[in-house]
Amino acid sequence: MTLKAAIIPVTPFQQNCTILFDDEEMRGVVVDPGGEVERIRAAVEKAGVAVEAIWLTHGHIDHAGAAMDLKDALGVEIIGPHAADLKLLHNLETQAQMFGLTGQVRNVTPDRFLEDGDVVSFAGHEFQVLHCPGHAPGHVVYYSPDAKFAHVGDVLFNGSIGRTDLAGGDHDALIRSIKDKLLPLGDDVSFICGHGPGGRFGDERRNNPFLI
């Protein structure tokens, strides 16, 4: 079994909606459907993946804006993030008004919230759940020890870190999340982030100006 990923940048935010799947069983999950449901569904069909769940890293509009519509379209559960993001998820429609997206976004009520240390899986691929606040209070990271891979959402970027000037942001908490929970996983761990190119933890530990 090999873990694969397909990235669909969606909405003007160019958020990396991600299909994680097993390349033999062709079963997987959609991580952070921020918008453009029909594009996401077309990518799922093109990849030939049977989607078993929607995983959310956090409750910002660019990551969760289409979660309810995709849930209805695919008939699957929404899993994550941590319950600390419930307020954000229940205010997505208000956020949408601020961005001129009225009627295009629905508030989200996950079927299951996640805690630090939980394990989620599909097709035999297990992911550890790491609660990594700082960018958002309930942000979680999904880490596969077997694949040495993490989906880090907006906690860490290639050469940068998540912004902390939004509601619930906390710069010191974000740095602790990265240094205490992510980097100790190993320099050889590769990651997909919420926007832009991914990378490896070792390169970020050595070169990311926000972590040196």
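Which strand holds H131? Here are my notes, starting from that residue.

1. **Ground rules.** This is a predicted model, in which local features need pLDDT of at least 70 and side-chain atom pairs count only at pLDDT 80 or more, while totals for chains, interfaces and linings use all residues. Residues are numbered from 1 along each chain as its sequence is written, and side-chain values use heavy atoms, with hydrogens and water left out.

2. **H131.** The answer to the opening question is β7, a strand spanning residues 125-131. Helices (H or I, at least four residues) and strands (E, at least two) are DSSP runs, numbered from the N terminus. H131 counts as buried because its relative accessibility is 15%; buried means under 20% relative accessible area, exposed over 50%, and partly exposed in between (1.4 Å probe, protein chains only). The H131 side chain comes to 2.8 Å from the backbone oxygen of P137. Setting aside residues up to four places away in sequence, H131 touches H82, D116, P137, G138, H139, V140 and K181, where contact means heavy atoms within 4.5 Å.

3. **F127, also worth a look.** F127 lies in strand β7 and is buried, at 0% relative accessibility. Its contacts beyond four places in sequence include L3, L20, W55, Y142, Y143 and F149. The C-alpha atoms of F127 and P145 are separated by 7.3 Å, with the two residues 18 apart along the chain.

4. **The five-stranded sheet.** Five strands form an open sheet with mixed pairing, in the order β1-β2-β3-β4-β5. Its edge strands, β1 (3-10) and β5 (77-79), each pair on one side only. From one strand to the next, the twist averages 30°. Two strands pair if DSSP finds at least two bridges between them; β1 and β2 (residues 15-22) run antiparallel and are joined by eight bridges. Within that pair, A5 stands opposite L20 in β2. Helix α1 (residues 37-47) packs on this sheet, touching β1, β2, β3 (27-31) and β4 (50-55), and its direction makes about 155° with that of β1. For such angles, axes are lines fitted to C-alpha atoms, for helices over the stretch in contact, and angles run from 0 to 180 degrees between N-to-C directions.

5. **The six-stranded sheet.** The open sheet that includes β7 has six strands in the order β6-β7-β8-β9-β12-β13, again with mixed pairing. β6 (119-122) and β13 (199-200) stand at the edges with a single partner strand each, so one side of each has no neighbour in the sheet. Strands β8 (residues 140-144) and β9 (residues 149-153) run antiparallel, joined by three bridges, and S144 has F149 as its bridge partner in β9. β9 then pairs with β12 (residues 190-193) in the parallel sense over four bridges, with H151 partnered by I192. β12 and β13 are antiparallel, with two bridges, and F191 stands opposite G199. In their hairpin, which has five residues between the strands, G196 takes a positive phi near 75°.

6. **Cysteines.** How many disulfides does the count come to? The count is zero, taking a disulfide as a pair of cysteine sulfur atoms within 2.5 Å. C17 is in no disulfide, and the nearest cysteine sulfur, that of C193, is 14 Å away. For C132, the closest cysteine sulfur is also in C193, 14 Å away and too far for a bond. C17 is buried at 0% relative accessible area, and C132 is buried at 0% relative accessibility.

7. **Salt bridges.** There are 13 salt bridges, each a side-chain nitrogen of Lys or Arg within 4 Å of a carboxyl oxygen of Asp or Glu. One of them joins R27 and E25 (2.2 Å, N to O); R27 is partly exposed at 28%, and E25 is partly exposed at 39%. Another joins D111 and K71 (2.9 Å, N to O). D111 sits in the loop between α5 (92-98) and β6, and K71 in helix α3 (residues 67-74), so this pair ties together parts that are 40 residues apart in sequence. D111 is partly exposed at 38%, whereas K71 is buried at 19%.

8. R206 lies in helix α7 (residues 201-207) and D187 in the loop between α6 (171-182) and β12, so the pair links parts 19 residues apart in sequence. R206 is partly exposed at 43%, as is D187 at 33%. Salt bridges with shared partners join D187, D203, R205 and R206 into one network.

Terms used:
Polar contact = N/O pair within 3.5 Å; in protein donor to acceptor, adjacent residues only side chain to side chain.
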